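Here is a short briefing to read with the model open beside you.

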Amino acid sequence: AWADWALVSNQSALTFVSTKAGNIAEVHKFSSIKGQVTAKGAAIIEIDLISIDSAIPIRDERMQKFLFETAKFPKAKIVADVSGVLKKSKSAAYVTASVPAQLQLHGQEQSITLELAVATLNDGQIMVSATQPTIVNASGFDLVAGIEKLREIAGLPAISHSVPVSFSLLFAPSPTKAH
Ligand code: UQ8
């Protein structure tokens, strides 16, 4: 049965915005993410933190080493129950929903709320995007020291500890074992 969905990595985007020196905003992305949603609505997304792409290779290395500490914490994980959204999606091709989720990042776990727009496409694919960014506060994930280290290395007066995250994800039906 075509019961479950798998994230189509090369058709999905996960980005965040950093702000430095008060008024310089820059977009960063993660090029490798994985994910799946079961027919029952258990959603898991895994972000390969080493895949950080800030458009400056030396900065990517510094973010891996000093911010995310990828040797110790290689992945971030988002877990959510989207059964309610899947149910709504059966009767409407486009729905929006506020969905609580757990975010595991840098050895810490926090509850977050995702504001989702879910579009069901013709071939059973599902497009999930954020109707508003999710703000990640570095302090909740023990990331303040890492940001301050990056600030010092780059000789910057400030880097914001509050980071808006956006995403647009494509899920495709995947065959599952019959049970
Ligand atoms: C079917 C259905 C409904 C499915 C739904 C499924 C579902 C559950 C979907 C959820 C999807 C999802 C993926 C949600 C995302 C959730 C979130 C919130 C994920 C978090 C992602 C994450 C890990 C975010 C990062 C967080 C964070 C606090 C980052 C800090 C970044 C900062 C502030 C970096 C600073 C960069 C900077 C300015 C460095 C300075 C700098 C340096 C060091 C440098 O070397 C250099 O070059 C020489 C520079 O340039 C000159 C520099 O600027």
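A residue is near a molecule when one of its heavy atoms lies within 4 Å of it. Among the 35 residues around the ligand, the nearest are Lys20, Ile56, Arg59, Arg62 and Phe167. This is a predicted model, in which local features need pLDDT of at least 70 and side-chain atom pairs count only at pLDDT 80 or more, while totals for chains, interfaces and linings use all residues. Residues are numbered from 1 along each chain as its sequence is written, and side-chain values use heavy atoms, with hydrogens and water left out.

**Around the ligand**

- Polar contacts here are pairs of N or O atoms within 3.5 Å.
- The side chain of lysine 20 has an N or O atom 2.7 Å from an oxygen atom of the ligand.
- For arginine 62, the distance from a side-chain N or O atom to a ligand oxygen is 2.7 Å, and for arginine 59 it is 3.0 Å.
- The protein covers 94% of the 1,300 Å² of accessible area that the ligand has on its own (Shrake-Rupley method, 1.4 Å probe).
- The shell around the ligand holds 29 nonpolar, 3 polar and 3 charged residues; Ala, Val, Leu, Ile, Met, Phe, Trp, Tyr, Cys and Pro count as nonpolar, Asp, Glu, Lys and Arg as charged, and the others, Gly among them, as polar.
- Elements that each supply at least two residues of this shell include β2 (13–20), α1 (57–68) and β12 (162–174); helices (H or I, at least four residues) and strands (E, at least two) are DSSP runs, numbered from the N terminus.

**Strands that pair**

- Two strands pair if DSSP finds at least two bridges between them.
- β2 and β3 (residues 24–30) run antiparallel and are joined by 6 bridges, with threonine 19 opposite alanine 25 in β3.
- Between β2 and β3 lie the 3 residues of a hairpin turn, where alanine 21 has a positive phi of about 50 degrees.
- β3 is also joined to β6 (residues 52–53) by 2 bridges, again antiparallel, and phenylalanine 30 has isoleucine 52 as its bridge partner in β6.

**A cavity**

- How many cavities of 30 Å³ or more are there? The count comes to 1, where a cavity is a set of points on a 1 Å grid, over the protein atoms alone, at which a 1.4 Å probe fits but cannot get out.
- The largest cavity has a volume of about 40 Å³, taken as the space filled by probe spheres set on the points.
- Its lining residues, which have an atom within 4 Å of a point, are Ser32, Ile33, Lys34, Glu46, Ile47, Asp48 and Lys75.
- β5 gives the most to this lining, with 3 residues.

Note on methods: Polar contact = N/O pair within 3.5 Å; in protein donor to acceptor, adjacent residues only side chain to side chain. 1 Å grid on protein atoms, 1.4 Å probe; cavity = no way out; pocket = protein on both sides within 12 Å on 5 of 7 lines; lining within 4 Å.
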